[in-house]
Amino acid sequence: MKRSTIHVLAALSTFTAAHAEGGFYGDAPDATHPWAIHDMNRPQPPRVEPGKNGAAPSDAIVLFSGKAEEIEKWQSDKQPAEPTKWEVKDGVLQCVPGSGYIRSKEEFADCQLHIEWSAPSKVEGNSQGRGNSGVFLMGQVEVQVLDNYNNPTYPDGFASSIYGINPPMANALNAPGEWQSYDIIFRRPIFKDGQEIDPGYITVFVNGVCTQDHTRLEGGGGHMRRSSPRPFPEKGPLKLQDHGNPVRYRNIWYRPLPKRAIEGGDTSLMSEAATAAKRAEIAKGIREDAAKLTGNAKMYRLLESLCYADDSAAREAGIKMAAAFIQTLQDTPADKIESKKGEALQFQKAMNYLAKFKILPDDFPAKQQVGEIVKKNEWDKKK
Ligand code: MG
């Protein structure tokens, strides 16, 4: 292979990589999306080591993993200063009937919660009287724990119902005595100035089967009475119910979830004000990055920053560097110009992008000039 061919191929591969991974690629940021589509300025998801063989993932807060001393993480609900009378035996946390609810000392709100439970293998009672307990998120909303393996009851009080609010979509329970797992995604209701701005939602998987799909909350739910939306505190304990049955628990952990857009987070659709603030922050970061670079890399970062938020100094510097790059193309002798093909096409893509999203005017001189150079050298024709 000729040296010049290798050079061109190398330049072309740089060009492809830049467009796959750099700016000027997907649709630009807009009024409610601070990032472009496929934006490499967006933070990479944080690494979480998944739990092996049923263990909690690396960023989980473990409330009970089977150790006797973990009883210290819990207290009596009636007298929070008092230790709970629930027992840890053989790596299992067991309800002692009559001892009252148990609550975690840890307080939290929006979360992914994992909890496993087992109803007594000796079947006693029926309907709500068989293997009854409950998982109370923030101490407010009960995800029902009940042995419904072969035990009909009112559906909105069934195992994994949001008690008094919504029955589960399926009965995916194992037989009594066997372990059941609940994986719960919980989002608390959010109120602002007395107005509900997000009702809160709950999703539940029972033994891997989805039984609640983003079920809208209506306050906390409850026994016999219809509940209505109401503000929740910022955080609260996890409570487990004593309903008079010796239900056992193990492997309890949660992972806090990031803030929703509505409360200042940057997940999903954001408000225009929050988007503008985020765009300014992203632009600033790109300009700080540009300050460490030289040559075309610097030029592209400066121009890219304008896609997020305008800045006269960055605009002026970027435009000046674009003009200088055009000059180098124009000054390149005809027998050397082929070596500039990759760079020129990359530049043209950037110019087209900036014009398409009206970051720079369509008749921007460097855009026109690179267009002429590309056309003259027939780089726009497929070979
Ligand atoms: Mg219950």
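Two residues are in contact if their C-beta atoms, placed from the backbone, lie within 7 Å.

A word on the source. This is a predicted model: local features need pLDDT of at least 70, side-chain atom pairs count only at pLDDT 80 or more, and totals for chains, interfaces and linings use all residues. Numbering runs from 1 along each chain as its sequence is written.

Now the overall picture. The protein has six helices and 15 strands. These are DSSP runs, numbered from the N terminus: H or I for helices, at least four residues; E for strands, at least two. Of the 383 residues, 35% are buried. Buried means 20 or more other C-beta atoms within 10 Å of the residue's own, exposed means 12 or fewer, partly exposed is in between, and C-beta atoms are placed from the backbone. The C-alpha trace spans about 90 × 55 × 35 Å along its principal axes.

On to helix α2, residues 272-290. It has 19 residues. Which residues of α2 are buried? They are Thr 275, Arg 279, Ile 282, Ala 283, Ile 286, Arg 287 and Ala 290. They cover an arc of only 135° around the axis, so they sit on the same side of α2. That arc is taken from the directions from the helix axis to the C-beta atoms. Ala 273 and Glu 288 are exposed, on the face turned away from the buried side of α2. What covers the buried residues? The cover includes α3 (295-305) and α4 (312-331).

How values were computed. The expected span of a helix is 1.5 Å times one less than its number of residues.
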